[in-house]
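Reader: Please take me through the fold of this protein chain and through two of its residues, one question at a time.

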Amino acid sequence: MSSYEVSRSAFIPAPPEEIFPLVNSFLEWTQWSPWEAVDPEMDRSYSGNDAGVGARYAWSGNRKAGSGNMEIVESDFPGSIKVRLEFTKPFKAVNPTSFTFTPADGGTRVTWRMTGENKGLAKVFALVVNMDKMVGGDFERGLAALSAAATAKKA
């Protein structure tokens, strides 16, 4: 099996307490998720809790958006959030994902990390496409949008 990790960090000029809620509720992800614009017609559903452990989100979209679901499995305010990310299309995969919020001078260092293993067809796909290159730019755009959303709340 071929395992991988994608990780990006960014400095956000806001305290962890202001950034954490934007990640801890999937209802807030529409403000900053880099995948929101991939399919404007995407079907979304929310279940479980509105925020924190037990909050769930599912999507089904066009070929580029695919389908899957996420569930917050750990929520430690204001330091970290762990998400169980499951893709059902175009490839089946479960990708443990985490966000950490580390106080830094004048703000917070936010790290977004996803791990996984390529199996079956995804393993063949990974021989051609590097997961870090494929997803890393999305993480960077998402962290920039998260920063904009967090600092807009201050304005």
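Reader: In what order do the elements of the protein chain run from the N terminus on?
Author: This is a predicted model, in which local features need pLDDT of at least 70 and side-chain atom pairs count only at pLDDT 80 or more, while totals for chains, interfaces and linings use all residues. Residues are numbered from 1 along each chain as its sequence is written, and side-chain values use heavy atoms, with hydrogens and water left out. Helices (H or I, at least four residues) and strands (E, at least two) are DSSP runs numbered from the N terminus. The chain has 3 helices and 7 strands, and their order is β-α-β-β-β-β-β-β-α-α.

Reader: Is Thr 97 buried or exposed?
Author: Thr 97 lies in strand 6, which covers residues 93-104. Buried means under 20% relative accessible area and exposed over 50%, with partly exposed in between (1.4 Å probe, protein chains only). Because the relative accessible area of Thr 97 is 8%, this residue is buried.

Reader: Which side chain does the side chain of Ser 67 join in a polar contact?
Author: Ser 67 belongs to strand 4 (residues 67-76) and, with a relative accessible area of 10%, is buried. A polar contact is a pair of N or O atoms within 3.5 Å; within protein, one must be able to donate a hydrogen and the other to accept it, and residues adjacent in sequence count only if both atoms are side-chain atoms. At 2.7 Å, the partner of the Ser 67 side chain is that of Thr 88.
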